[in-house]
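Take a look at the model first.

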Amino acid sequence: MSVIGIEQLPEELLLHIVSFLGCADLLKFFLTDTNINRLYFCNDIWENAANNHPKKVILMKKRPKSYREICLARARFSSISQAMSLLSVDYTYIILLPGIFHESINVSSPVHIVGFDADRKKTVITNNHVAVIRSDLPNGQEASIENVSLANRDDSKDQNAKKNFCVDIVGGSIIIKNCTITSESRSCVGIHNRRSNPHLLQNLIHNSKAAGICVFDRATGIIEKNEICRAAYSGIEILTDADPMIRSNLIHSNLGSGIYIRGKGYVTENDIYQNHLSGVNIASGGFPILDCNIIRDGHKAGIYVHDRAGGRITRNRIINNSYNGMDISRLAEPVVEDNILSNNRQVPEIVKKSIDKGECTFKATGRLHLAQDWYHCKTCALLDKNGCCEVCAQKCHKGHELSYN
């Protein structure tokens, strides 16, 4: 009976055999039989071994380029916190393989936390009631978190329990890139303290219990090329003398405004659309620069400037909003130049259908206030914020003393 050497096996069968080997055994396998070194550089083999290893956290000197480098690394841990405790000047990279990590990470020294799989949804860091990431870096030091999902859960029934940001940045220059961030407790990201100067880049920030991002207490930073959506409040809130740069983001489908500003900020080249309140709401004390944004398809005004607010509003395209393209209160003093306003104050289709049917529009819109003709009735004392729709004015309030609002 003839004997077939392992190197003579079909490559498909050989790949199937080595798929059962772990990182250490795989390395021994290649060391003992140099005739099959043609498979040494096959990334799929090393990826399978790395992902099947029970310890998913690897501490390394530099960012790996292949799963083979990860398999050859020796500093492996079961948790991110364990790896954080052994950071040094030489070892600053924490590589995460796909998995769910129930942890709260305190970033107070240089570290780079990277999800190695291309799909950030496969690597999740989550916790209940507390911040998933809290960053308080000394001045001049940098850290980064990349390619992971961050989720703040809140299963507490105690209404008085403290609510926390999913990512709480209280100091330093942390970079958060290509992450998915969501929060069931508070805003997805809180940036506060004048020492805070983070860079949020290419993240999906969604489904927060409050604002998507809240910047306050004189904080700065760059918020760039993110998608910020489905927040319970505004997509971004800029408060109390905060002064961030908001650039090239998609800000949409938030239940408040796209951006609410009671501070400063340079807001440029963003696409702000389909928010339930104003695209940009500049409250009293707000003095931002709004330049070259597209503000469109909102359920209220494109830009609303309150009394005792100002700033510069230049070169924006404000189109297809349900209310006026720009509402400026009598005591507001913004500089307004070279903006394009078109097709604003459009009646939504759901309102048109109700009017065509002769039905009260409240039946269709509920508590969502959409643009439409609105009447005050002096006879019924429906004044100020109270009133009635066009159908009710013609039917229920026929012959009353009405005024168009």
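Y67 and F116 are both buried (buried is under 20% relative accessible area, exposed over 50%, partly exposed in between, with a 1.4 Å probe and protein chains only). This is a predicted model: local features need pLDDT of at least 70, side-chain atom pairs count only at pLDDT 80 or more, and totals for chains, interfaces and linings use all residues. Residues are numbered from 1 along each chain as its sequence is written, and side-chain values use heavy atoms, with hydrogens and water left out.

**Aromatic pairs**
- The count is two aromatic pairs (Phe, Tyr and Trp rings, the last by its six-membered ring, with centres within 6.5 Å; planes under 30 degrees apart are stacked, over 60 edge-to-face, the rest tilted).
- Y67 and F116 pair edge-to-face, at 4.8 Å centre to centre and 90 degrees between the planes.
- Y67 lies in helix α4 and F116 in the loop between β6 and β7, so this pair ties together parts 49 residues apart in sequence (helices are DSSP runs of H or I, at least four residues, and strands runs of E, at least two, numbered from the N terminus).
- F165 and F216 form a tilted pair, with 6.3 Å centre to centre and 45 degrees between the planes.
- F165 is buried, at 4% relative accessible area.

**Cysteines**
- The model has zero disulfides (cysteine sulfur pairs within 2.5 Å).
- C396 is in no disulfide; its nearest cysteine sulfur, that of C392, is 4.2 Å away.
- C396 is exposed, at 55% relative accessibility.
- C71 is buried, at 7%.
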